[in-house]
Amino acid sequence: MSLHSQDSSQRLSSHQTDAAHTKPFSTIGCYTEEEPTVREWLRSLSPTRQGVVGYFREIFVFTQWLPRYNLSWLLGDSIAGLTVGFVVIPQAMAYALLATLSPEYGLYTSFVGAALYWLFGTSKDIVIGTTAVGSLLIGGVITSIQQENPGIYTNEEIAKTTSAIAGMILLAISLLRLGWIIEFIPYIPISAFVTAASITIMSTQFPVLMGIPGINTRQAPYLVIIDALKGLPNTRVDAAIGLTSMVLLYAIRYFCTRMETSYPAKKKTWAIISSMRLTFVMLLYTFISYLVNKNHTKAQSPFRIVGPISRGFKHAGPPKMDKDLILLILPELPAMLIILVIEHIAIAKSFGRIFGYTVLPSQEMLAQGASNLLGPFLGGYVCTGSFGASAVLSKAGVRTPLAGLFSAVFLILALYALTAVFFYIPMAALAGLIIHAVANLPTPPKTLYKYWRLSPFELIIWVTGVVVAIFVSLEVSIYVTIVVSLVWLLVRQARTAGSFLGQVHAYHAANNGHDHHYHHPSSIPSTPTLGKTADEASRSLYLPLTRGQDATNPSILVEPPYPGVFIFRFTEGLSYINQAQHTALLISHVRASTRRGSDDVNEDPQSSSNKNSNKDKLWSEPVLSPETLAARSHLPPLRSIVLDCSAIDQLDITAIQGLVDARNALDKHACAGLDGLPESGCVEWHFSDLTSRWARKALSVAGFGKPKKQASTEGQLESDPESNPNTGGRPSQNPEDTEQENLGSGREGISAGLGCSVPDCCLIGEARLDLGGEKGVDHMAAIESVDRPFFHMDLAEAVEAAVRHARVMDAKEKRTWRHGPVAHGACESENECGMSGAVPSRSSQNSLAS
């Protein structure tokens, strides 16, 4: 039977008492924590052979699944890839118009993404190609540069150079495995951007849909909408094609959706038919346009048509890496990169959650980077994951990422064999296709209401982003929302106050079907086998003293663990941005709840000692009148501080300096003027749930973690002129004081039999130790480091140690406190202050906490 303590309230003395009933042991192994070093940290960063091999296997991820490729996968991928090819062709041509490029550039872009993704991608369902948002962004870059430097660069040169630079950046981030940086971008700014982008796209395509000439679609969206409404009297015959194409698209979708519901067995078939509606409508209106314009030129057509499209890859060539052009592009890149990466990874992860596979952000960025870097050499521009095409691919039964290769083959066929057909595609029909494709992107009201219920302030950020995008620009919108979100995060971390905790003794309720009962301590017999007494049958919970701050029942009675013992929880960690607030709250509350050491020399507030103590105070400290001293005479002296560090991982120098300053301030408050008591033992600082080795080392260097006279002298922080963090401003003690301080700490050493002393309160457990030439022998060993007794495994253990110290100090002062209806008696001996005596009164046991 393992002797690991399953509950921090389990007493070590109970383990020792029950040794005869469990497993006897004669030796206890010591454990001293080995401090981390910079060399160890650097060694952990150095690559290993196994790590290098794994790195390259991750980069060329296809090597992990391609050897297992089979005919079943081939059939599924070929069908899915060809299906997506039919869908991508009209979309790619339409989206290229958003980028102010001719339609064939959309085909180039989609071809490169489809041909390369399978080499690096980790999602079988995603399709890399042109998107409405990405095309809109590249169109904005082209328009901005052309307005500043008209006629110097062509639209194609700007688009290809922008894509190449974006690809280089994405490749660098992915090869360095920095994909985690996208986690700094919250979801709300992206949701606001997509909504605003869809509104912008629809506003820019509406004049094309209606055939309204003379509209500047590159101005702010609200101006485009106003000008389009003013231009409605100038509507041309294009409106008939555009509006009917939209009606037909929605009608087909509605019909297929109804058929999916009515015939669940053929749901997949109807879903594929629905996804093909874009291709069907384009072919229909292209055929109508051909009948109308077969004997006309483009200029003679009664409605706008696409016109001539270059056959094959005639625009292939390296991007123009001109220095001046690059300098013009760089300011436009951040917003574009953020949107392209977030959009792609969000789509990939959503399919990964649905089908149960893992998507690697860094690897997805590698696939994006390769496509964007190599695409311009064939005439492509920026590409990313397309949600519409990806949904079609998934519904078509794709099996592996190789399906994109079949789509690429179909796109090559279209570029060489169908360019003559593309000549007759009506522009209004393409505008209707774009509006239909992005109409479902805006966030629906139901989701906005959900945002309001989840986080009202983030809904305000969302509304701000949409408004800024419509009235200013999309780029400004994404920057504003991200900055506001990050500021909100910092404000929450900096201004979220910690909380002081109290103790609640909870009992398990039993329901017999009619009545509720709970196991009261008086009804629970002692269980010698388990070492539990009636008093140990409850669980100690620690809740905020100020009721209503958390989700627990506000009527539950919460008590301080012991007079002069304070438990403080860091709710948002401890760092340089919030340490001032945490330490100020800690100091002010403790000072208000305890008496000064000098005020406690004589309990008579009129005594000359208390009157003279005011002379030693700083000018900024209030002078306590006899009446004030009399009113504060019931307050206990400060004994121990317990810090719940469960929310802390790392500590910076500012945070540690704040703790040092707080310790010095409370030392002066609690220890000033005390005669006959060891100053090093009047206040103890205990830390619970602090698992980071670096944080524990930093605190040890600052003098925490062990009794003051044993504190480490490895380093020193700036502190009070008369003190340092290693000694707390107290004179060093001679060796004769060791035994007295051990008593004050309640940590009596017991011989371990292994050349060291294990503290009486130390948790021990079975371990494999090499002793006396025997290897792998089961022995008992300390779970915690015995040289840092003030660092504890959990909060309950830390509180017990703090209460034990307070009881010992009260015993020295012959003090008995009444805490609630039951008095806390001071222990008179070391044995009485052991683990069994550390439990405070059960004054709240008449209340049921469940």
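A salt bridge is taken as a side-chain nitrogen of Lys or Arg within 4 Å of a carboxyl oxygen of Asp or Glu. The model is predicted: local features need pLDDT of at least 70 and side-chain atom pairs pLDDT 80 or more, whereas totals for chains, interfaces and linings use all residues. Residues are numbered from 1 along each chain as its sequence is written, and side-chain values use heavy atoms, without hydrogens and water.

Eight salt bridges were found in the whole structure. In one of them, the side chains of Arg547 and Asp550 meet at 3.8 Å, N to O. Asp550 is partly exposed, at a relative accessible area of 28% (buried means under 20%, exposed over 50%, partly exposed in between; 1.4 Å probe, protein chains only). Arg177 pairs with Glu58, with the closest N and O atoms 3.5 Å apart. Because Arg177 lies in the loop between α7 (155-175) and α8 (187-210) and Glu58 in helix α3 (residues 49-59), this pair ties together parts 119 residues apart in sequence (helices are DSSP runs of H or I, at least four residues, numbered from the N terminus).

A salt bridge also joins Lys349 to Glu183, the closest N and O atoms being 3.7 Å apart. Lys349 belongs to helix α14 (residues 333-355) and Glu183 to the loop between α7 and α8, so parts 166 residues apart in sequence are tied together. Lys349 is partly exposed, with a relative accessible area of 28%, whereas Glu183 is exposed at 54%.

In helix α11 (residues 267-275), Trp270, Ala271, Ser274 and Ser275 are buried.

How values were computed: Helix = DSSP H or I, 4+ residues; strand = E, 2+ residues; numbered from the N terminus.
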